[in-house]
Amino acid sequence: MAKSRELCKDIRDKIVDLHKARMGYRTICPQLGEKATTVGAIIRKWKRFKMTVNLPRSGAPCKISPRGASVIMGKVRDQPRTTRQDLVNDLKRAGTTVSKKTISNTLCRHGLKSCSTRKVPPLKPAHVQACLKFVNDHLDDPEEEWEKVMWSDETKRAFWSKLHSPCLGEEEG
């Protein structure tokens, strides 16, 4: 589960003051509207370090701002086949230099993953001719006949697009 928002310093100090006044976790929680685990964590931190301020986090800061991340997500939502290199180039034009791995991490953080398209060998001219011959032979078959056919792969879509293609007659020549 992701971390929630951080409490402001005033509320953390108020929790510690109430604890010093001998109030228990369960009475502090409803009074300030915070969860018992949050109150307990703040009190434990105060007991151990004698302070309630948040220390700086380890690690490098994120190079992509939240606004930049939302721009990336919008572009990917509008154009799902956008490549990571396209996104890197867009950010470079905007003044931010990042790697493709940074883009992948940003997409992953927002629930998306990048993947490569499947490599499909191109059809040979003989296959294209055989496909067109089959389509032309079965051009006048009723739809009821096609419903009886069991398709073993994605060819159904290819044949139907050929059947209903407006330029089918032009390719016969």
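**Entry 1: overall make-up**

Helices are DSSP runs of H or I with at least four residues, numbered from the N terminus. On that basis I place V16 in helix α1. I note at the outset that the model is predicted.

I looked up the secondary structure of the protein chain and found 10 helices and zero strands. Read from the N terminus, the order of elements is α-α-α-α-α-α-α-α-α-α. The protein chain has 173 residues, of which 22% count as buried. I then looked up the contacts with a separation of 6 or more in the protein chain; residues 24 or more positions apart account for 51% of them.

**Entry 2: α1 against α3**

I turned to the pair formed by helix α1 (residues 9-20) and helix α3 (residues 36-49). Their packing angle is about 75°, and their axes lie 10 Å apart. Angles of 65 to 115 degrees count as roughly perpendicular, and α1 and α3 are therefore roughly perpendicular to each other. On the α1 side the contact is made by R12, I15, V16, H19 and K20, and on the α3 side by V39, I42, I43, W46 and K47. Sorted by class, this contact of α1 with α3 has six nonpolar, three charged and one polar residue.

I then followed V16 by itself. Is V16 buried or exposed? V16 is buried, because its relative accessible area is 5%, and buried means under 20%. Leaving aside neighbours within four places in sequence, I find V16 in contact with I42, W46 and T52. I also looked up the separation of V16 and I42: they are 26 residues apart in sequence, and their C-alpha atoms are 7.6 Å apart in space.

Nonpolar side chains tend to be buried together in soluble globular proteins.

Neighbours within four places in sequence left aside, A69 is in contact with I64, T106 and H110. T106 lies in helix α6. T106 counts as buried because its relative accessibility is 1%, below the cut-off of 20%. With the neighbours within four places again left aside, T106 is in contact with I64 and A69.

**Entry 3: α5 against α6**

I looked up the packing of α5 and α6 next. At what angle do α5 and α6 pack? The angle is about 100°, and the axes are 9 Å apart. The two helices are therefore roughly perpendicular to each other. R84, Q85, L87, V88 and L91 of α5 make the contact with K100, I103 and S104 of α6. By class, the contact of α5 with α6 has four nonpolar, two polar and two charged residues.

**Entry 4: positive phi in loops**

I checked the backbone for positive phi in residues other than glycine. R22 has such a value, with phi near 70°. R22 is placed in the loop between α1 and α2 (25-32). R22 counts as exposed because its relative accessibility is 79%, and exposed means over 50%.

K50 is not a glycine either, and its phi is positive at about 60°. K50 is placed in the loop between α3 and α4. At a relative accessibility of 58%, K50 counts as exposed.

**Entry 5: cysteines**

How many disulfides does the structure hold? I find zero disulfides in the structure. I then looked up the accessibility of C8 and C62. C8 counts as partly exposed because its relative accessibility is 42%, between the cut-offs of 20% and 50%. C62 is likewise partly exposed, with a relative accessible area of 48%.

Conventions. Residues are numbered from 1 along each chain as its sequence is written. This is a predicted model: local features need pLDDT of at least 70, side-chain atom pairs count only at pLDDT 80 or more; totals for chains, interfaces and linings use all residues. Side-chain values use heavy atoms; hydrogens and water are left out. Axes are lines fitted to C-alpha atoms, for helices over the stretch in contact, and angles run from 0 to 180 degrees between N-to-C directions. Angles under 35 degrees count as roughly parallel, over 145 as roughly antiparallel, 65 to 115 as roughly perpendicular and the rest as oblique. Contact means heavy atoms within 4.5 Å. Ala, Val, Leu, Ile, Met, Phe, Trp, Tyr, Cys and Pro count as nonpolar, Asp, Glu, Lys and Arg as charged, and the others, Gly among them, as polar. A disulfide is a pair of cysteine sulfur atoms within 2.5 Å. Buried means under 20% relative accessible area, exposed over 50%, partly exposed in between (1.4 Å probe, protein chains only).
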